[in-house]
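Please look through the sequence and the 3D structure first. The questions and answers that follow go through them one part at a time.

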Amino acid sequence: MSPRRPVSILVAALCAMGLLIGLAPSAWSAPDVEVAAKTILAGDSVYNDPAAENSLTSSQVADLTTQIRGTGVPIFVAVLPDSAKGGGTVDDTLVAFKNAVGLGGVYAVVAGNQFRAGSTKGSASDLATQAFQQEKGNGVFAALTTFVSLTGDRFGSTGGNPTSSDSTGSTVGTVILGVLLFLFFGFIALVIGVIVFVTRRSSKKKAQELADVRKTIDEDITEYGERLGAFSLNDPDWDDATRADMQRALDSYDRAKTATAAMTSAADAVNVTTALEDGRYALACVQARLAHTALPERRPPCFVDPRHGPSVADVLWSPPGLAAREAPMCAACKVSVEAGQQPQGLMVTSGGEQQPYWQAGPAYAPYARGYYSPFGDVMTGVLVGTMLGNMWGSPAYAQPVQNQSNWTDGGASSGWSFGGGDGGDFGGGGFGGGDFGGGGDF
């Protein structure tokens, strides 16, 4: 992590921000920014305007979204056409984007051929400059992924240097030193024995948790693959919109399989279920288009069983052993509950027993997080009283945008921190002959 800049530079940069906002043309407006902000507030992390000079592909948007969620940092990205500057500058566009969203976090904008970024906490401008200089020859997607990676390293890490025991080498007398050394080494031997025992038991437990969660993940992917098999991307009767949704569903399937192969712990399940949630929604859009009905609302997956796909409504339900609560449900489960029946919840293996996934303990928290955390606090009330409920809001499992108090510092436009650098107050650069010159056109 880079050293902190002196306070005087930070204050000067903040003053520069105030001057920049104060001098912005009063007639400046950015309807493109408003559309981008609505997309972010709807739960997405990336807005990509297909009309942008450096627009991303749907696969790149999906990959960037998955990468952002994996950092645990509230990062908001907008790829816009040059016209989004509305007669102002790319810096104006970044400020307008941040103000329109109104959440604390790290903001990045590509407007035409220019790239800027800023943060409501700490500084991200130097990261934007670094990412641009490193990747400007490889295109906007490469620069954005590098920027997200650098941002995750700076803001997402909760690590610290491990503490170490004080040395017993202080001279306190020959006899006292001998006694202390004897006690010290005896204690060390005891501690080593305890550590070996605990480590072996912990490793065995984690290995079993990984095996249990991976089994559930494999079943999820198999079920989703069978759904995909009922459709053909080459159907001549499909229009372009249907094919685009189907391609997104297929891309999500590939990402889920890749993430599964890379799993080394139960915590990695979040990357798999994030891809599956996105894919099941895309597939629901395909089904709606083929049936000539309205596209489904982007809602949380069915709480009874997330494999059912997007929910259609919140239904009052009493899960086995729990109090009644409003839970998101698919159409089939909704009908079942309203008929007085008890739908079968998703059963998983935990501790050698079969039980509902919401009662399966902390190993399944990342599994549930991938499915439900993109929908903000909607699941907090649903999970009350479950094994997952006590850990849902903790930093290890919460969606980045849920902990806005950690990122917001003042009012709608206060709290910004600009690091300067070659990319201007916000950091970044201009693709194809921008602030840094050269680099080629994309």
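**Reading the model**

Q: What covers the buried residues of H6?
A: This is a predicted model, in which local features need pLDDT of at least 70 and side-chain atom pairs count only at pLDDT 80 or more, while totals for chains, interfaces and linings use all residues. Residues are numbered from 1 along each chain as its sequence is written, and side-chain values use heavy atoms, with hydrogens and water left out. Contact means heavy atoms within 4.5 Å, and helices (H or I, at least four residues) and strands (E, at least two) are DSSP runs numbered from the N terminus. The cover of the buried residues of H6 includes H3, strand E2 (75–80), strand E3 (106–111), strand E4 (114–119) and helix H5 (125–135).

Q: How many of the residues of H6 are buried?
A: Buried means under 20% relative accessible area, exposed over 50% and partly exposed in between, using a 1.4 Å probe and protein chains only. Among the residues of H6 that pass this test are Val140, Leu144, Phe147 and Arg154. H6 is mostly covered, and its buried count is 12 of 16 residues.

Q: How far does H6 reach from its first C-alpha to its last?
A: The expected span of a helix is 1.5 Å times one less than its number of residues. H6 covers residues 140–155, and its reach is close to the expected one. That reach is 22 Å.

Q: What distance separates the C-alpha atoms of aspartate 63 and phenylalanine 141?
A: Aspartate 63 sits in helix H3 (residues 58–71) and is partly exposed, with 33% relative accessible area. Leaving out residues up to four places away in sequence, aspartate 63 touches Phe141 and Arg255. Aspartate 63 and phenylalanine 141 are 78 residues apart along the chain, and their C-alpha atoms are separated by 9.9 Å.

Q: How many salt bridges does the structure hold?
A: Side chains of opposite charge can pair when their charged atoms come close. A salt bridge is counted when a side-chain nitrogen of Lys or Arg lies within 4 Å of a carboxyl oxygen of Asp or Glu. In this structure the number of salt bridges is 16.

Q: Which residue forms a salt bridge with arginine 307?
A: The closest N and O atoms of this salt bridge are 3.4 Å apart. Arginine 307 lies in the loop between helix H9 (269–291) and strand E5 (313–317) and its partner in helix H7, so the pair ties together parts that are 88 residues apart in sequence. The partner of arginine 307 is glutamate 219.

Q: How far apart are the closest N and O atoms of arginine 280 and glutamate 223?
A: These two residues form a salt bridge. The pair links distant parts of the chain, with arginine 280 in helix H9 and glutamate 223 in helix H7, 57 residues apart. Arginine 280 is buried, with 4% relative accessible area. The closest N and O atoms of the pair are separated by 2.9 Å.

Q: Is valine 175 buried or exposed?
A: Valine 175 belongs to helix H7 (residues 174–228). With Ile176, Val179, Leu180, Phe182 and Leu183, valine 175 forms a nonpolar surface patch of about 630 Å² accessible area. Such patches take residues with over 30% relative accessible area and no salt bridge, joining like charges within 9 Å and nonpolar side chains (Val, Leu, Ile, Met, Phe, Trp, Tyr) within 5 Å. At 67% relative accessibility, valine 175 is exposed.

Q: Which residue in E6 stands opposite alanine 313?
A: Two strands pair if DSSP finds at least two bridges between them. E5 and E6 run antiparallel and are joined by 5 bridges. In strand E6 (residues 325–329), 4 of the 5 residues are buried, so this strand is largely enclosed by the rest of the structure. Opposite alanine 313 stands methionine 329.

Conventions:
Accessible areas come from the Shrake-Rupley method with a 1.4 Å probe; for residues, only the protein chains shown count as cover.
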